Amino acid sequence: MINYDKILTNTIQNIPPSGIRKFFDVAATMKDAISLGVGEPDFVTPWAVREAGIYSLEKGRTYYTANAGLLELRQEIANYNNRKYGITYNPADEILVTVGGSEAIDLMVRCIVNPGDEVLVVEPSFVCYKPCTVMAGGTPVTIETLEKDNFRLLPEQLKEKITDKTKLLILPFPNNPTGGVMSREDLEAIADVLRGTDIIVLSDEIYGELRYDEEGHTPFSAIEGMKDRTVIVNGFSKTFAMTGWRLGYAMGPAPIIKAMTKLHQYGIMSSPTTSQFAAIEALRSCDKDVEHMRQEYNYRRRFIVDGFRNMGLSCFEPLGAFYVFPCIKSLGMTSEEFANKLLQEEKVAVVPGNAFGDSGEGFIRCSYAYSIDNIEEALKRIARFVEKHK
């Protein structure tokens with residue numbers, strides 16, 4: 001009999017599975033369960049986008065595209081980012097279309113990180129950054145952001161963690177799971193620390209369009225002197241409700257994008273053709289759809305924050321993404337205990353905060369990318385649970 005423990009690599013065996021899907025998968029088997037666990041818009045992809053995908057199939061556009069993606073799509077990505085944020089990228093060699101933003105993150109890390117290099121990972125944050133670093137042979141170094149600082153990365157925190165082995169900083173704002181954001185002033189302070197170093201930045205801006213303050217989103221590459229050291233990762237899943245289309249992109253310096261394209265070429269070939277034609281339409285004509293979704297998320301955001309505060313739980317006010325990160329320390333449970341008991345007793349699935357790093361312990365993540373009816377019922381059940389366990 002084959003011993004698969006000897007077959008599989010030590011690296012992959014030692015990496016824990018994602019903590020996000022665990023409670024959602026259990027909830028899916030429970031009658032009348034409500035999940036606030038998965039960060040997926042409950043909106044259907046805008047009709048114009050779906051129609052463009054359907055039309056591309058009707059026209060027989062089922063072939064491979066260029067490895068970097070359709071040039072027409074890369075041009076629209078460049079146009080969109082210039083129109084929205086005033087940043088300029090060359091579609092020919094500074095943009096790569098990927099299978100979701102997650103592939104872009106993995107490609108960028110593997111193209112930058114050598115064994116032994118240190119990667120600064122801001123936490124709490126999305127679950128893939130550390131595993132991608134480890135699989136590339138790098139050493140993740142955590143920078144813990146705190147609720148008292150609005151879950152922002154502070155320049156003094158960054159300075160403290162930089163060593164002569166630091167190769168990459170992963171900057172995840174607007175943030176999943178906290179909903180924290182960085183203002184232009186915050187980003188400029190981080191840029192001041194990086195000037196004079198060779199540290200590269202992966203700026204994960206997948207939630208950039210989902211900002212609820214007046215300032216709005218500032219791409220890190222828009223900060224003076226940062227474009228040459230920054231790769232922006234973005235995509236279509238969150239902004240355009242296109243999760244199942246599996247399409248993302250990276251924008252950055254041509255030498256890095258060239259290396260990422262090479263890796264993408266051998267591992268993937270090209271992103272889904274139908275999705276690419278649909279994405280062209282999304283970038284061209286869906287500003288009103290995006291604004292409608294943003295306004296709806298904003299309403300839900302205020303509703304769910306008030307809900308947690310009214311039940312006596314401290315809840316940081318998120319200004320980006322579509323998550324809240326309430327503190328449950330007052331109940332004397334770990335994040336895992338809270339999530340497990342809540343699911344079993346009230347049939348509500350949330351994600352324990354420690355799934356996003358040790359600094360997330362004592363918190364839970366709840367997505368408000370669900371209908372207001374689901375959120376309202378979930379809050380009633382959570383309030384009942386909290387009252388019971390005070």
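Start by selecting Glu-185, Glu-188, Glu-215 and Glu-224, which form a patch of negative charge on the surface. The model you are looking at is predicted. Glu-188 has a relative accessibility of 35%, so it counts as partly exposed.

Next, go to a patch of another kind. Select Ile-2, Tyr-4, Ile-7, Leu-8, Ile-12 and Met-135; together they make a nonpolar surface patch of about 640 Å². Ile-7 sits in helix 1, residues 4–7. Its relative accessible area is 58%, and Ile-7 is therefore exposed, since exposed means over 50%.

Now turn to the aromatic rings. The whole structure holds 15 aromatic pairs. To view one of them, select Phe-126 and Tyr-129: the ring centres are 6.1 Å apart and the planes stand at 80°, which makes the pair edge-to-face. Then select Phe-43, Tyr-207, Tyr-297, Phe-322 and Tyr-323, which form one aromatic cluster.

The next stops are on the backbone. Most peptide bonds are trans, and most residues other than glycine have a negative phi. Select Glu-123 and Pro-124 and look at the bond joining them: it is cis, with omega about -5°. Pro-124 lies in the loop between strand 3 (118–123) and helix 7 (129–135). Move on to Phe-173 and Pro-174, where the peptide bond is also cis, and omega is near -10°.

Select Arg-246, a residue other than glycine whose phi is near 50°. Arg-246 is in the loop between strand 7 (230–235) and strand 8 (248–251). With a relative accessible area of 35%, Arg-246 is partly exposed.

Last, select Ala-321, where phi is positive and near 60°. The loop that contains Ala-321 lies between helix 12 (287–310) and strand 9 (323–324). Is Ala-321 buried or exposed? At 0% relative accessibility, Ala-321 counts as buried, because the cut-off for buried is under 20%.

Terms used
Residues are numbered from 1 along each chain as its sequence is written. This is a predicted model: local features need pLDDT of at least 70, side-chain atom pairs count only at pLDDT 80 or more; totals for chains, interfaces and linings use all residues. Side-chain values use heavy atoms; hydrogens and water are left out. Patches are made of residues with over 30% relative accessible area and no salt bridge: like charges are joined within 9 Å, nonpolar side chains (Val, Leu, Ile, Met, Phe, Trp, Tyr) within 5 Å. Accessible areas come from the Shrake-Rupley method with a 1.4 Å probe; for residues, only the protein chains shown count as cover. A salt bridge is a side-chain nitrogen of Lys or Arg within 4 Å of a carboxyl oxygen of Asp or Glu. Lys and Arg count as positive and Asp and Glu as negative; His and the chain ends are not counted. The place of a charge is taken as NZ of Lys, CZ of Arg, CG of Asp or CD of Glu. Buried means under 20% relative accessible area, exposed over 50%, partly exposed in between (1.4 Å probe, protein chains only). Rings of Phe, Tyr and Trp (its six-membered ring) pair if their centres lie within 6.5 Å; planes under 30 degrees apart count as stacked, over 60 as edge-to-face and the rest as tilted. Helices (H or I, at least four residues) and strands (E, at least two) are DSSP runs, numbered from the N terminus.
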